Amino acid sequence: MSQRHLFLQYLAQTSDAPLMLEIEKAEGVNMFDKNGKAYIDLISGIGVSNVGHRHPKVIQAIKDQLDKYLHLMVYGEFIQSPQVKLAEALVQTLPPGLDNVYLVNSGSEAVEGAVKLAKRVTGRYEIISFKNAYHGSTTGSLALNGNEYFKQAFRPLMPGIRHLNFNKEEDLEFISTNTAAVIVESIQGEAGVRIPENNFLKKLRHRCSETGTLLIADEIQAGFGRTGTFWGFENFEVVPDILVCAKGMGGGMPIGAFIAPKELMKVLSLNPVLGHITTFGGHPVSCAAALATINVIHEEKLAEQVPEKEKLFTKLLQHPLIHSVRHKGLMMAVEMESFEILKKTIDKAIMKGVLTDWFLFCDNAMRIAPPLVISEEEIKVSCSLILESMDEIQNR
């Protein structure tokens with residue numbers, strides 16, 4: 001049987017229309033199928049491959065760690081150099097106070113840990129998130145998501161959740177002394193790159209401080225240089241109480257974290273002891289890859305290059321079928337009239353060797369979030385092929 005048939009027979013499917021590309025190798029911004037055809041990856045595995053596929057320094061760090069040890073013990077019991085060095089490197093990217101790191105396996109797990117921490121610290125139960133927010137797919141994080149379509153089949157979910165309107169200042173009054181935490185994406189991702197307006201995040205920070213509510217920043221898509229700063233929240237001059245991250249953190253390896261002041265995080269170690277537990281969180285190979293990823297972002301000044309690459313994309317992506325381009329750094333949503341036009345564009349672009357996608361909660365906008373290492377020439381080629389696809393749709 002072919003790989004295609006085995007894929008459909010043995011792997012659990014998440015939709016009835018998977019892309020079905022059979023990739024045999026990936027390098028930089030390119031993925032190659034079994035026939036050697038190249039695809040420019042404009043979505044970075046959904047915000048993961050910020051330093052590109054198989055960055056040499058990430059690969060070397062993985063190989064070096066493989067020669068030492070793999071899993072040794074559940075998180076938090078042994079002193080493991082890859083974990084210690086990664087935690088130190090993460091803290092050095094953050095404002096004073098965010099100085100204690102809990103390493104997990106994914107973004108959903110980071111969100112779960114942050115919510116548990118907030119409830120434990122405050123003794124409160126209500127968690128507030130925003131409409132059209134995306135925070136993960138476990139039953140806890142799913143409850144926080146702000147779109148009913150993906151939740152309705154799995155209710156009842158975690159209770160005590162309230163959803164406010166993003167960028168609506170009046171809704172901040174619903175944050176009260178009953179609220180344990182507000183979780184917010186610094187830039188809403190699956191909503192189609194919705195950017196805070198009119199100092200919304202500053203006003204949110206103020207209201208949280210006013211009510212003793214913890215502010216959780218979800219940096220799972222916006223972190224690790226994607227917006228032109230290392231963290232997305234830096235664009236808006238706010239500092240959260242708890243930060244969650246994943247995706248672009250591992251250079252292609254699975255890893256996540258929630259980060260908070262040490263005086264908050266210590267509550268997970270008593271009453272009860274082992275207040276949060278993970279077996280594979282902070283896996284040494286993933287930690288080694290993540291540390292190398294952070295170093296590459298710094299050494300190659302990838303975040304500093306983002307604004308010029310952002311300008312080039314927005315300059316080139318001009319077409320009658322494009323209604324608008326929302327963007328913050330290399331986190332972009334190219335909005336079109338309908339899903340039908342978008343889907344035709346995506347399909348044609350894939351045939352021409354450019355991989356794009358749409359957003360879970362905004363299906364008329366094209367997701368563009370390429371590896372930060374993408375070159376100007378690769379931007380020009382990919383945009384040319386997207387526009388060529390649109391021309392064919394318009395002329396038909």
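The model is a predicted one, so to speak: local features need pLDDT of at least 70, side-chain atom pairs count only at pLDDT 80 or more, and totals for chains, interfaces and linings use all residues. Residues are numbered from 1 along each chain as its sequence is written, and side-chain values use heavy atoms, with hydrogens and water left out.

Trp-358 has a ring partner. Phe-339 and Trp-358 make an edge-to-face aromatic pair, at 5.0 Å centre to centre and 85° between the planes. Here rings of Phe, Tyr and Trp (its six-membered ring) pair if their centres lie within 6.5 Å; planes under 30 degrees apart are stacked, those over 60 are edge-to-face, and the rest are tilted. The two residues are 19 apart and link distant parts of the chain, with Phe-339 in helix α11 (residues 339–352) and Trp-358 in strand β14 (residues 357–359). Helices (H or I, at least four residues) and strands (E, at least two) are DSSP runs, numbered from the N terminus. Phe-339 is also partly exposed, at a relative accessible area of 27%.

The structure holds 12 aromatic pairs. Another one of them is Tyr-102 with Phe-258, a stacked pair with 4.9 Å centre to centre and 10° between the planes. Tyr-102 belongs to strand β4 and Phe-258 to strand β10 (residues 256–260), so this pair ties together parts that are 156 residues apart in sequence. Elsewhere, ring pairs link Tyr-134, Tyr-149, Phe-150 and Phe-361 into a cluster.

Tyr-102 turns up again in the pocket search. The second largest pocket has a volume of about 580 Å³. Its lining has 25 residues, and the closest to its centre are Tyr-75, Gly-76, Asn-100, Val-101 and Tyr-102. On a 1 Å grid over the protein atoms alone, a pocket is an open set of points with protein on both sides within 12 Å along at least five of seven lines, whereas a cavity is a set where a 1.4 Å probe fits but cannot get out; lining residues have an atom within 4 Å of a point. Grid points are joined across faces, edges and corners, and a volume is the space filled by probe spheres set on the points. Strand β4 gives the largest share of this pocket's lining, four residues, while α4 (81–92), β4 (100–104) and α8 (262–265) each supply at least two. By class, the lining has 13 nonpolar, eight polar and four charged residues. Ala, Val, Leu, Ile, Met, Phe, Trp, Tyr, Cys and Pro count as nonpolar, Asp, Glu, Lys and Arg as charged, and the others, Gly among them, as polar.

The largest has a volume of about 60 Å³, and its lining is made up of Val-184, Ser-186, Leu-201, Leu-204, Leu-215, Ala-217, Phe-233, Val-238 and Pro-240. Two or more lining residues come from each of α7 (200–211) and β8 (214–218). The class count for this lining is eight nonpolar, one polar and no charged residues. The second largest cavity holds about 40 Å³, and its lining has six nonpolar, two polar and one charged residues.

The elements α7 and β8 also belong to a right-handed β-α-β unit, together with β7; right-handed means that, with the strands pointing away from the viewer, the path from the first strand over the helix to the second runs clockwise. All of β7 (residues 179–185) is buried, seven residues of seven, so this strand is largely enclosed by the rest of the structure. Strand β7 pairs in the parallel sense with β8 over five bridges, and Ala-181 stands opposite Leu-214 there. Strands pair if DSSP finds at least two bridges between them. On β5 (residues 126–130), three bridges make a parallel pairing with β7, where Glu-126 faces Thr-179.

A separate description covers the open sheet of four strands, ordered β1-β2-β3-β13 with mixed pairing. Its edge strands are β1 (23–27) and β13 (354–355), each pairing on one side only. Strands β2 (residues 30–33) and β3 (residues 38–41) run antiparallel and are joined by three bridges, with Asn-30 opposite Ile-40.

Conventions: Buried < 20%, exposed > 50% of the residue type's maximum accessible area, 1.4 Å probe, protein only.
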